[in-house]
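Please look over the model shown below before reading on. The paragraphs after it go from the whole chain to single side chains.

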Amino acid sequence: MCLGIPGQIVETYSKESLPMAKVDFGGIAKDICLSYTPEAEPGQYVLVHVGFAISLIDEEEANEIVETIEAVAKAGREEEAEMANRLKEDSSR
């Protein structure tokens, strides 16, 4: 299983004959290879895995993925806090 992160293409360009893009991930821009999605254009959303845009997605799907990732992260933080509280309670006994 792999984790793909959605981002929006800001600009496209070529680097050493490879199609590339500057992709915005919620305020953080990264250079991403478009070899698998050479048709991608600025304004579109792509799913990115290890520096490669692996598919084009629409804005709605991008938002759903981001919401899911945020929900998983929140659940992890809550579980971590709960475990820390249990350890604190156990050590005070």
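The protein exposes about 6700 Å², and carbon and sulfur atoms supply 53% of that area; accessible areas come from the Shrake-Rupley method with a 1.4 Å probe, and for residues only the protein chains shown count as cover. This is a predicted model, in which local features need pLDDT of at least 70 and side-chain atom pairs count only at pLDDT 80 or more, while totals for chains, interfaces and linings use all residues. Residues are numbered from 1 along each chain as its sequence is written, and side-chain values use heavy atoms, with hydrogens and water left out.

The secondary structure comes to 1 helix and 5 strands, and from the N terminus on the elements run β-β-β-β-β-α. The radius of gyration of the protein is 18 Å, well over the 12 Å that the globule rule gives for 93 residues, so the protein is more spread out than a compact globule. That radius is taken over C-alpha atoms, and the rule is 2.2 Å times the number of residues to the power 0.38. Helices (H or I, at least four residues) and strands (E, at least two) are DSSP runs, numbered from the N terminus. Along its principal axes the C-alpha trace spans about 65 × 30 × 25 Å.

Buried residues make up 22% of the 93 residues; buried means under 20% relative accessible area, exposed over 50%, and partly exposed in between (1.4 Å probe, protein chains only). Thr37, in the loop between β3 (28–33) and β4, is buried with a relative accessible area of 2%. Not counting residues up to four places away in sequence, Thr37 touches Val46, Ala53, Ile54, Ser55 and Leu56, where contact means heavy atoms within 4.5 Å.

Val50 lies in the loop between β4 (45–49) and β5 (52–57) and is exposed, with a relative accessible area of 67%. Together with Tyr36, Phe52 and Ile54, Val50 makes a nonpolar surface patch of about 410 Å². Patches are made of residues with over 30% relative accessible area and no salt bridge; like charges are joined within 9 Å, and nonpolar side chains (Val, Leu, Ile, Met, Phe, Trp, Tyr) within 5 Å.

The structure holds 3 salt bridges, each a side-chain nitrogen of Lys or Arg within 4 Å of a carboxyl oxygen of Asp or Glu. One joins Asp31 and Lys22, with the closest N and O atoms 3.0 Å apart. Glu82 and Arg86 form another, at 2.4 Å between the closest N and O atoms; these two residues are 4 apart in helix α1, so about one helical turn separates them.
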